[in-house]
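Try each task before you read its solution.

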Amino acid sequence: MIERLETKPRMSRIVKHHGTIYLCGQVAADATKDITEQTQTMLDKVDALLIQAGSDRKHILSATIYVKDMSYFADMNAVWDAWVPEGYAPARACVAAKMAREALLVEISVVAAEI
């Protein structure tokens with residue numbers, strides 16, 4: 001069975017299937033902020049969605065991070081490294097990408113295991 005949460009015409013924020021949780025892409029709460037703040041508020045959204053879906057950051061299987069420009073890579077990683085619990089780093093990819101809105105600097109897509 002596939003369970004979809006917070007479904008709208010274009011996408012669902014959470015999709016669950018056989019104990020695996022898929023989150024839609026998450027971006028900053030305020031795109032006018034710098035990369036550090038955008039990364040932190042993006043990860044805060046991931047935390048909230050994982051809890052809603054029955055998981056947490058220790059159960060993230062993979063993450064794909066999209067950065068507007070690799071000049072932000074080190075600052076984004078500083079926030080990421082502090083956020084990921086020691087010993088629980090997921091498989092991860094990080095790529096430079098054109099963002100959906102000009103002000104966005106970072107976006108993340110997450111797959112996690114249900115607890």
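This is a predicted model: local features need pLDDT of at least 70, side-chain atom pairs count only at pLDDT 80 or more; totals for chains, interfaces and linings use all residues.

**Exercise 1.** Which residues in α2 are buried?

Residues are numbered from 1 along each chain as its sequence is written, and side-chain values use heavy atoms, leaving out hydrogens and water.

*Solution.* Step one: find α2 (73–83), a helix, here a DSSP run of H or I with at least four residues. Step two: pick out M76, N77, V79, W80 and W83, which are buried (under 20% relative accessible area with a 1.4 Å probe, protein chains only; exposed is over 50%). Step three: these residues cover an arc of only 165 degrees around the axis, so they are on the same side of α2 (the arc is taken from the directions from the helix axis to the C-beta atoms). On the other side, A74, D81 and A82 are exposed.

**Exercise 2.** What covers the buried residues of α2?

*Solution.* Look for contacts (heavy atoms within 4.5 Å). The cover includes α1, β5, β6 and β7.

**Exercise 3.** Find W80 and W83, and describe how their rings pair.

*Solution.* Start with position: W80 and W83 are three residues apart in α2, and therefore separated by about one helical turn. Next, the ring centres lie 5.5 Å apart with planes at 40 degrees, so the pair is tilted (centres within 6.5 Å; under 30 degrees is stacked, over 60 edge-to-face, the rest tilted).

Methods. Helices (H or I, at least four residues) and strands (E, at least two) are DSSP runs, numbered from the N terminus. Rings of Phe, Tyr and Trp (its six-membered ring) pair if their centres lie within 6.5 Å; planes under 30 degrees apart count as stacked, over 60 as edge-to-face and the rest as tilted.
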